[in-house]
Amino acid sequence: MAAYTFRLNGRSATVESWDPDQPLLYLLRGALGQHGPKFGCGLGQCGACAILVDGQTTRSCSFPVSRAAGKSITTLEGLGTPERPHRVQAAFIAEQAAQCGYCTNGMIIASVGLLARTAKPTSDQIKQALAGNLCRCGTHTRIVRAVARAAQG
Ligand code: FES
Ligand code: FES
């Protein structure tokens, strides 16, 4: 069985897998105990499983474990803590930008990725950046408000 080592939320992590194409999501949620990323569609179409790979928003359900080797992976757990949330997490709380919360991981990760590229996005840029993240509860208006709030610092 092959072993793959990468940085996970600032620490070294190693996982083993028989299959180099095994989706990283399974190992994150299983062996590595990271429950921020969610299994939604499993097909790269909903965004619920998003993580940051070297700072880039990435769908972990369609990201093979072998490609994680040597990379820096950040999950929702690595952004902040309940006591010291990341500014995007704090903004989502302030705007109450969740209903069931299933999409929230992907929305927050994609927003962090957006703000790293574009510090002060327009409303249209926020909507465009999150267009591929599905929310079945209709929370989009609050989510866009939360990202704008986070961008204001
Ligand atoms: S679970 Fe990965 S994009 Fe839907
Ligand atoms: S808050 Fe339920 S899917 Fe978005």
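The following legends describe close-up views of a predicted model.

**View 1**
Ser17 belongs to strand E2, which comprises residues 11-17. With a relative accessibility of 3%, Ser17 is classed as buried, because the limit for that class is under 20%. Two polar partners of the Ser17 side chain are shown. One is the side chain of Gln22, with which the Ser17 side chain forms a polar contact at 2.6 Å. The other is the backbone oxygen of Asp19, which the side chain of Ser17 reaches at 3.1 Å. When residues up to four places away in sequence are left aside, Ser17 touches Met1, Ala2, Tyr4, Gln22, Leu27 and Val65.

**View 1. The aromatic pair of Tyr26 and Phe39.**
The structure contains one aromatic pair. Its members are Tyr26 and Phe39, whose ring centres lie 6.3 Å apart and whose planes meet at 35 degrees, so the pair is described as tilted. The pair connects distant parts of the chain: Tyr26 is in helix H1 (residues 24-29), whereas Phe39 is in the loop between H1 and strand E3 (50-53), and 13 residues separate them. Tyr26 is partly exposed, at 41% relative accessibility. Phe39 is likewise partly exposed, with a value of 37%. Both values fall between the limits of 20% for buried and 50% for exposed residues.

Twelve of the 14 residues are buried, so H4 is largely enclosed by the rest of the structure. The buried residues are Thr104, Asn105, Gly106, Met107, Ile108, Ile109, Ala110, Ser111, Val112, Gly113, Leu114 and Leu115. They pack against both strands and helices: the strands are E3, E4 (56-59) and E5 (72-74), and the helices are H3 (87-94), H5 (123-129) and H6 (140-151).

**View 2. The largest pocket and its lining.**
The largest pocket holds about 230 Å³ of space. It is lined by 13 residues, of which Leu76, Pro85, Gln89, Ile93 and Ile108 are the closest to its centre. Helices H3 and H4 each contribute at least two residues to this lining. The greatest contribution comes from H3, which supplies three residues. Ile108, one of the residues closest to the pocket centre, is also among the buried residues of H4.

Asn9 is located in the loop between strand E1 (2-8) and strand E2. Although Asn9 is not a glycine, its phi is positive, at about 50 degrees. Asn9 is partly exposed, with 26% relative accessibility. Asp54 occupies the loop between E3 and E4. Its phi is near 50 degrees, again a positive value in a residue other than glycine. At a relative accessibility of 46%, Asp54 is also classed as partly exposed.

Definitions and conventions:
Residues are numbered from 1 along each chain as its sequence is written. Chains are lettered from A and ligands numbered from 1 in the order in which they are written. This is a predicted model: local features need pLDDT of at least 70, side-chain atom pairs count only at pLDDT 80 or more; totals for chains, interfaces and linings use all residues. Side-chain values use heavy atoms; hydrogens and water are left out. Helices (H or I, at least four residues) and strands (E, at least two) are DSSP runs, numbered from the N terminus. Buried means under 20% relative accessible area, exposed over 50%, partly exposed in between (1.4 Å probe, protein chains only). A polar contact is a pair of N or O atoms within 3.5 Å; within protein, one must be able to donate a hydrogen and the other to accept it, and residues adjacent in sequence count only if both atoms are side-chain atoms. Contact means heavy atoms within 4.5 Å. Rings of Phe, Tyr and Trp (its six-membered ring) pair if their centres lie within 6.5 Å; planes under 30 degrees apart count as stacked, over 60 as edge-to-face and the rest as tilted. On a 1 Å grid over the protein atoms alone, a cavity is a set of points where a 1.4 Å probe fits but cannot get out, and a pocket is an open set with protein on both sides within 12 Å along at least five of seven lines; lining residues have an atom within 4 Å of a point. Grid points are joined across faces, edges and corners, and a volume is the space filled by probe spheres set on the points.
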